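New page in my notebook. I want to jot down what I looked up here, from the overall build to the details.

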Amino acid sequence: MPSIPATAERFAPAASPGRAVLEIRDLSTAFETPDGIVRAVDRVSLDVGAGEALGIVGESGSGKTQLFLSVMGLLAQNGSANGSVRLDGSEILNLPPRSLNRVRGARMAMVFQDPLTSLNPYLTVRRQMTEVLVTHRGMTEVQARRHSVDMLARVQIPRAAERIDLYPHEFSGGMRQRVMLAMALLCRPSLLILDEPTTALDVTVQAQILALVRELRSAHETAIVLISHDLGVIAGTCDRVAVMYAGRIVEQAPVRELFYRPQHPYALGLLRSTPRLDVIGGERLPTVPGQPPDLLRVPPGCPFAPRCSYRFDRCEIEEPLLRPAGDAHRKACHLEKL
Amino acid sequence: MSAAPVLSVRDLAVHFTLRGGLPFVGDRSRVVRAVDGVSLDLMPGETLGLVGESGCGKSTLGRAVLQLIEPTAGRIVWLGRDVAELDREALRRTRRDRQIVFQDPYDSLDPRMTIGEIIAEPLRTFEPRLRADQRRARVEAMMAKVGLLPQQINRYPHEFSGGQCQRVGIARAMINDPKLIVCDEPVSSLDVSIQAQIVNLLKDLQRDTGMAMIFISHNLSIVRHISHRIMVLYLGKVMEVADRDTIYRASRHPYTQALVSAVPLPDPDLERARDRILLSGDLPSPIDPPSGCVFRTRCPIAQDICARRVPALDPVATTDSKGPHIVACHFRDETGR
């Protein structure tokens with residue numbers, strides 16, 4: 001296991017953030033499919049504090065995206081969510097679309113992996129940006145345009161006043177993701193959800209966007225949820241991390257705790273099997289054997305048990321629930337200590 | 001490693017002509033120089049990593065050395081013979097020894113064929129006289145080698161996960177015991193825990209068979225892990241070549257340095273303490289690349305000379321690299337950090 005380097009600066013106090021902006025309680029999301037019911041999110045509870053950056057890690061099918069699509073009220077037709085989601089104290093889960101539209105874009109916003117599919121190709125960037133401000137803030141077109149240009153400049157789009165009249169395809173991938181960030185921040189939301197925001201981008205552009213996210217965060221005090229499969233992206237940006245597996249949170253901890261003292265065998269496996277650029281090449285990579293479970297047929301007990309090298313009898317019978325495992329650290333594992 | 005390279009490439013170029021553009025403006029054909037003057041030698045048992053951002057030409061280069069895309073110019077020498085001198089039949093026979101594994105494991109497998117048929121296809125092509133039971137035995141042995149269960153032989157690709165489909169793709173590429181496989185982003189669409197399994201599998205197969213590999217990926221961490229030498233490409237041109245550890249620890253090209261510094265490390269303390277070289281802007285259009293050094297428009301140390309003269313791809317004065325360390329930068333001997 002990696003050891004903890006001596007320096008601990010550059011970290012916001014990670015544990016117990018003050019006021020919670022987002023409170024998710026016992027959220028479950030299921031999809032009806034021809035093959036049966038897929039439980040994409042399974043009894044998740046989670047808080048995001050004001051100004052906090054929370055990382056969500058997990059592999060495809062772990063439920064990390066569906067969890068936040070549920071929060072946003074953006075589930076596909078065959079999906080349904082139950083439980084409770086409170087934003088700034090008020091319940092928003094399963095609100096009717098009219099009420100949801102007053103919240104989305106205004107108090108919470110989501111940026112997706114592929115900016116080209118989330119922007120309307122037929123409308124100029126200006127039309128798409130000002131609409132938000134006219135709808136939510138009651139601005140005039142002129143005010144909204146000025147405000148939008150300011151925001152584009154703030155996300156470092158050169159010549160923003162000219163380029164606001166361009167169409168999405170006239171921007172490069174990195175620039176489009178900047179446009180998405182600018183749109184998301186227009187109404188100063190208290191919560192910004194970023195779903196794999198840099199996965200489709202080249203690594204040099206990714207570095208630019210992540211630097212921008214960190215900067216915007218400190219300037220606006222927006223709470224951020226960063227969903228990523230890339231542990232490096234999470235390590236540099238987040239205060240706290242939740243690891244998801246089979247629709248559940250299996251570990252949750254301050255970022256240094258999670259990376260230097262992982263307590264769940266799955267989190268440990270993910271960390272170990274990630275090749276690192278700063279480690280001399282050529283060695284065999286440790287692996288997590290097997291594959292993630294089929295969500296139509298999640299095994300009883302611990303969903304990770306079939307792949308876990310620490311499993312014992314109890315793991316196959318009784319499902320481990322999240323429990324304390326150190327300072328502000330929680331894990332869903334029967335092991336006393338890893 | 002024996003002394004003779006399996007593959008030598010000299011001044012390889014792949015140019016695509018774009019037609020179209022605006023009507024009534026005449027024939028506005030433009031040329032994209034996807035690969036522009038690349039040379040390389042690949043030894044048996046060696047893995048060469050090709051890295052660079054999208055549009056740098058790494059996939060085109062990988063396909064061109066297999067002649068899946070016909071090069072516009074340059075020489076390809078396969079096992080000591082210039083492929084331009086081979087007749088059709090001889091060329092066809094070389095294909096048996098030069099295989100490719102693609103990025104998307106689903107799209108590269110025919111959904112109407114069983115796993116067994118997919119893996120057996122190169123055998124049918126190159127060893128048509130094999131009896132059905134012999135063929136089946138070869139396929140089952142190959143399946144076991146790549147970690148598939150022989151009893152899955154009659155299943156279809158849609159019944160498999162991405163990682164398993166990639167094992168099928170590798171089995172198909174390996175069934176004729178090739179001397180070279182080109183792996184084009186073979187783990188990019190797979191989950192982290194599955195990536196490690198596939199990378200280990202490729203390394204095991206290389207150790208057992210002595211095949212050479214060209215490993216193309218935008219993920220520099222994985223490339224460092226699997227490659228012996230690494231070639232960095234930018235807008236179709238080679239920027240730097242050195243052994244894997246030198247590329248990461250002592251690279252000399254400002255582009256390589258920026259690439260390496262941009263890769264996030266899964267380590268909060270190190271990641272936050274790093275000095276990053278943030279490149280400004282995006283990749284220039286390959287239709288209209290910058291004059292002189294193609295990287296100069298984003299280069300943090302560009303000078304006047306960089307716009308006027310194309311830097312030669314020359315060895316650096318001193319290096320720890322095992323094997324040549326060549327860099328296309330006017331300031332190659334001043335950029336050490």
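I started with the overall size of chain B: a compact globule of 337 residues would have a radius of gyration near 20 Å, and chain B agrees because its value is 21 Å. That radius is taken over C-alpha atoms, and the globule rule is 2.2 Å times the number of residues to the power 0.38. This is a predicted model, where local features need pLDDT of at least 70 and side-chain atom pairs count only at pLDDT 80 or more, while totals for chains, interfaces and linings use all residues. Residues are numbered from 1 along each chain as its sequence is written, with chains lettered from A and ligands numbered from 1 in the order in which they are written.

Next I checked burial, and 47% of the 337 residues of chain B count as buried (20 or more other C-beta atoms within 10 Å of a residue's own, C-beta atoms being placed from the backbone).

Then I looked up elements: chain B has 11 helices and 12 strands (DSSP runs, H or I of at least four residues for helices and E of at least two for strands, numbered from the N terminus).

I picked strand E6 (residues 98-101) of chain B. Arg98(B) and Ile100(B) point one way, Gln99(B) and Val101(B) the other, and all are buried. In a regular strand the side chains alternate between the two faces of the sheet.

Which way does E6(B) pair with strand E7 (residues 180-184) of chain B? I found the parallel sense, over 4 bridges (pairing takes at least two DSSP bridges). Val101(B) sits opposite Cys183(B) in E7(B).

Note on methods. A residue is buried if 20 or more other C-beta atoms lie within 10 Å of its own, exposed if 12 or fewer, and partly exposed in between; C-beta atoms are placed from the backbone.
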